[in-house]
Structures are given as structure tokens and as C-alpha cells.
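Please look through the sequence and the model shown here before reading on. The paragraphs that follow lead from single side chains to the whole chain and back again.

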Amino acid sequence: MLTLRERQINAIKQMLNLNVQQVKVLAAEPIWKILIYDRVGQDIISPIISIKELRELGVTLHVQLHSDRDSIPDVPAIYFCLPTDENLDRIQQDFSSGLYDIYHLNFLAPISRKKIEDLAAAALQAGCVANIHRVYDQYLNFISLEDDFFILKHQKGEQLSYYSINRANARDDEMEVLMDSIVDSLFAAFVTLGNVPIIRCPRNTAAEMVARKLEKKLRENLWDARSNLFHMDATQAGGGIFSFQRPVLLLLDRNIDLATPLHHTWSYQALVHDVLDLGLNLVYVEDDAPSGGVRKKPKACDLDRNDRFWATHKGSPFPIVAEAIQEELESYRNSEEEIKHLKTFMGIDGENEVAFSMVNDTTARLTSAVNSLPQLMEKKRLIDMHTKIATAILNCIKARRLDSFFELEEKIMSKQTLDKPLFELFKDPEFGTIEDKLRLFVIFYICSQNVPEYEVERLKEVLQEAGGELSSLAYIQRWKSILNRSSTTNPGTQYEGGGTKTVSMFSKLVSQGSSFVMEGVKNLVVKRHSLPVTKLTEQIMECRSNPDTDDYLYLDPKLLKGGDVMPKNRAPFQDAVVFIVGGGNYIEYQNLVDYVRQKQTSNATKRIIYGSTTLTNAQQFLKELSALGSEIRGPILS
């Protein structure tokens, strides 16, 4: 069954095939063409289709729409962009300059009637109407980072960020535009999935605004006989991604959990995002030592799904990843030794010609070894890349004591007593950066109940003395006080934390032969636990009665006059799309992946897709909280 990412890839490949369905027989030489995209189109294509794959699809040149371009006759030009006024003006300029002979216009979102009339008028004026072969609405305005993880925006992501949604001086018309852009992208994702979801969300939140608008848009499309995008659900392309049952779309507001986005993490993918700022599956790693005093340009590392090591270990705790890299390295060295040994044994590395009359068995072994050389070279490249990334992470863990921060936060979330008071840790200048301490303090403030006010003030003073910028706390204090008044549950009680235990470090990593010097780093094993988003997802999918979710809206776009209350005796959902309005993170994504894996049985398969408006790491989220805190005059203490 095709995943969301695979469906998006297929749609883009069909577009690059000039919107003709690809035939599965061995293709002849492709039609050569050029691809012109805007920044949004580039962000959508770059994580899912490599330059090599673009070449194989016949794309000889891919350029930005707003760059200086030369005229290239006789070659189809495929445009892939949003139908914004700025982009359409540039396309009209291309028409009047006569840059290309064949135009295929593919818009990421539907183009309005007025805009397409203006475009037609410009084509008529430029005398190039016959050159425009196709104009398509593609419904692809979202970014697939994993098979089961998508976001809506990367470049200019701040337009859909937590700050933009919650800032104090946002005007109503600005919020309408912001919500409409979220709805349009979510609609595109469900068109690509080929399913109409049932929508659940908490009331009186930004998520409800999105839910109401999305339900209206889906319903209007379903009841429009001419332009219904879902009418071929059952017959075409395997009947949507979710076979017989409709999925539930759980729309949540980031405000339900502000601790997890700030949490120090211990799994590989989340660490790469937190420490090295992973973006669109690409991370830049600097060389350890500048050669000859000149700092080299950071090396780009592409972490895609074809990387078997990444696919297997992205959710693993860091020490296990370090051990796995070591094992891969040893396995590679053994293969290399085997080839060297065979060459020596057959005399190929010397001048001895007699060796060629050796037994066929050895020749076959050598042929097999030589044939495996390209795979070996690729394996070596990936080992080197992961060694580079893991070394950079390890240096950060040691310098900032990230293992200790992770352990402390897990203890705070699971309500365990700390070995050392936070006051002492915050006074220690060697203990992490000021930003790390701020993250720990905010998590402590959110998760702890009945903390005396004098203790909070004492911790704030220590952080201020160390140069900490505490404006984020003013916002967190207001958020907590509002949540305490409006919610049935205390924000601190929704975190259970897994707690951790320290086991001895793997002998392979402590040995002298390891490329990772793990001394001083704790080998933490995390107990399995559910984060707030995962708990809510489980309750909604199981259709259990629960005070947290009983009041959630229930919207079904397929019903002509639907209420917003869940019908009684509703069967549990097997499939869910969990979408966070206000920014998601890899910690929640990995927690949902673990939950699905745990629930897997031989006769029931649960599938969850995680999505969010943007993808933010802790540093970016703390900045957003600080900006919101700066807008508050006089912090409100709970």
C-alpha cells in the first residue's frame, strides 16, 4: 500500500512526465525538459527526489523561477509553483520574452478564475497561446519528510509558526489568511491520500478554526459533482491509502504541550535536529579541525530513506547508534580484508601469471567480491557520513552535558526526586549552556505542581545572573495560569516520563579501537512511555470515553447536515492523521512510531501519519516563546 510520501512522489513524477501516466514497461529515452520552480516547489521536491532521479526523468536543468534565465527553444518547460501574483507576473514576463516554445504550467494550489483569465490575456498579447500545452492544479502544497511525516512550510516557516498563531497583536484578517493557508495545504494532503477523514479536535482553539474551515472545504468539494476530487476513491490508485476504513484526522493545538518541544532528547534523528539543525533531511556538519588554519565549508549530509542505516537507527538511543556504526565499520573492514586476501591468494597483486590457473571456486569468489565493490563503496560513504554526524553530536553531548539534561528532564516528567537540587546545577558554569538551563527550568516549571513561589524566584535569579533571557517565562506563566483555569487536568499531570536507567557502556565503544570516545557519556536506557500527543491519539483512535477527549468536536464532511458530537458505539479507528497546529518535532513523531510498533499484531495494523505546520527544534521554539513573552507587560504569576 502506497504511503503519503510515495503518492506525492508518483504525482510529481507524472507531472515531470508531462502529466502523462507513466507506463511500467522499460521506458525509452525520456523527453528532455527543464524544470522551473519557486522556493516552495523546491522545498517540496528536494527531500523526495534527488538530482540523479531528476536526470533519469529527463530534467536536464532545474532553475529558480525568479532567477535570470536564458531562452531555450524546442524543449518543454515545466513550471511548478504557487499561483501568487509575484509568480504569475514572472510567468507573464517569460511569455512576452518568448523564453520557451512549450509551456506546462503546474500550480501547487488551485489558481483562481480571475488569475487564469489574466494569464490567458497575457499569453494572447504575447502571441504564445499555442505554446501553452497544459495548465494543471496539482494539490501538492505540503512537504513529505518521511513516509508518515509531513509539514506545510520550510522556508518562511515563521508565517505558520507558534509565534504567528499566538502573538498578541495579530489582526483578524491576518489570522484568516494564516488559517486558510493551513486548510489549503491539509486539503491537498487528503486529496493526495485519496480519503475524506473524520475530524476530531479540542474546542475553542486554533485547531478548531482549522477543523471548521477544512470540513467546509471538504464538504463543498464532495457535493460538487463537476470538481469532486474524491469520487474516484474506490476505483483508482488502490482506493486511497487507507483501504476500507476512513481515517480520523486529529487536529491538536501546540498549546496542549509546551514541554516536549523544549525537551532534550536521546534518539538519533531528534538529536541531529536539535544539535545540528536538520532541515529537509539535509544536515551540514563542519570538519573537526580546520586544515592549514582555513575553516572548510560545512559538508552537506543527505539523510534519505535509501540510507539503510538511517532508516534502521534514526529512532534509536545515541549509544546504540554509536555501537551500530562501529559494527558496520568492522563488517566493512572484514569485506575489504577478504578482497585483499583473495587478490594475494591468487597472485593478482604480484607479477605471478601462473596464479590465474587457480581453481574456478576462487575465481568465482573474486568475481563476486569485485561485483560487490560498488555496494561496498556506498557502504563506506554512508559509514563515513554517519561517523562524521555522530562525532559532531558526541562533541555537543560532552560539551553541553546533554545526557545529564535528558536524564534530569525524564526524572522531572516522571515525578522522581532529583539527586541534586536545580539551584546547585544552575550555579555550575560547567553544566551546559544558559539556553540548556532555560529549557530545563521551563520543563520543571510546567511539570511540577505546588512549587513554592520563592523557589521559582530563586531559580530565576540564578539564571538571570548567568545572563539568561527570561522573557519566555512570562509567557509560560500566563499559559499555565490560563490552562489551570480552563482545563480539567493540570498541565503538570499529563507528563508521565519514562524515567531512565544507566547501564554500563558497550565494551566495543570503550575499547581503544572505537572511533567514538564515549568516556563520560551515560548509556541511558529509556523506559517506554507515551507523550501527551500520543495519549490523546490513543484515546481518539480507540473511541474511549475520557474526560480529556469527550468534549472534542466530531466533524464528518460526508454528512450533509452533520452535528459536532461523536455518535454512540463508534468503532475504533485503525488509521489516523495527527496534525499539530503551531509546529511539531521529531520527539513526538518518534513517540507515535513507537506506539504504532507496540500496537502491531498479526491481525490488526494501526497506521498513523504525523503532520505539523512547521518543524521546530528547541532553540527555535524557545526564541518564539521569548518573543511572545516580550509582548506581555508585567508577567502573570500563577
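Which residue lies over the face of F187? It is K217, at 5.1 Å from the ring centre, where a charge counts as sitting over a ring if NZ of Lys or CZ of Arg is within 6 Å of the ring centre and within 35 degrees of the ring normal. An arrangement of this kind also involves R458, which lies over the face of F423 at 4.0 Å from the ring centre.

The model is a predicted one, in which local features need pLDDT of at least 70 and side-chain atom pairs count only at pLDDT 80 or more, while totals for chains, interfaces and linings use all residues. Residues are numbered from 1 along each chain as its sequence is written, and side-chain values use heavy atoms, with hydrogens and water left out.

Taken as a whole, the protein chain has 22 helices and 16 strands, these being DSSP runs numbered from the N terminus (helices are H or I with at least four residues, strands are E with at least two). Of its 638 residues, 51% count as buried, a term that means under 20% relative accessible area, whereas exposed means over 50% and partly exposed lies in between (1.4 Å probe, protein chains only). The accessible surface of the chain comes to about 30,300 Å², and 52% of that surface belongs to carbon and sulfur atoms; the areas come from the Shrake-Rupley method with a 1.4 Å probe, and for residues only the protein chains shown count as cover. Among contacts between residues at least 6 apart in sequence, 79% join residues at least 24 apart, a contact being heavy atoms within 4.5 Å.

A search of the whole structure finds 19 aromatic pairs, where rings of Phe, Tyr and Trp (its six-membered ring) pair if their centres lie within 6.5 Å, and planes under 30 degrees apart count as stacked, over 60 as edge-to-face and the rest as tilted. F149 and Y589 form a stacked pair, with 4.9 Å from centre to centre and 25 degrees between the planes. This pair links distant parts of the chain, since F149 belongs to strand β7 (residues 149-151) and Y589 to helix α21 (residues 586-599), 440 residues apart. F149 is buried at a relative accessible area of 1%, and Y589 is buried as well, at 4%. Elsewhere, ring pairs link Y79, F95, Y100 and Y103 into a cluster.

Just after α20, C543 takes a positive phi of about 55 degrees.

The other setting is a cavity. The structure holds two cavities of 30 Å³ or more, a cavity being a set of points, on a 1 Å grid over the protein atoms alone, where a 1.4 Å probe fits but cannot get out, with lining residues having an atom within 4 Å of a point. Grid points are joined across faces, edges and corners, and a volume is the space filled by probe spheres set on the points. About 90 Å³ of space lies in the largest cavity, which is lined by 14 residues, of which A270, H273, D274, I587 and N617 lie nearest its centre. Both α9 (268-276) and α21 supply at least two residues of this lining, and α9 gives the most, with three.

Loops complete the picture. T614, in the loop between β16 and α22 (618-630), is buried at 4% relative accessibility and, not counting residues up to four places away in sequence, touches I151, K153, G157, L160, S161, G583 and G584. K156 lies in the loop between β7 and α6 (162-166) and has a positive phi of about 60 degrees although it is not a glycine; at 56% relative accessibility, K156 counts as exposed. L280, in the loop between α9 and β10 (282-285), likewise has a positive phi, near 50 degrees, but L280 is buried at 14%.

Technical notes
1 Å grid on protein atoms, 1.4 Å probe; cavity = no way out; pocket = protein on both sides within 12 Å on 5 of 7 lines; lining within 4 Å.
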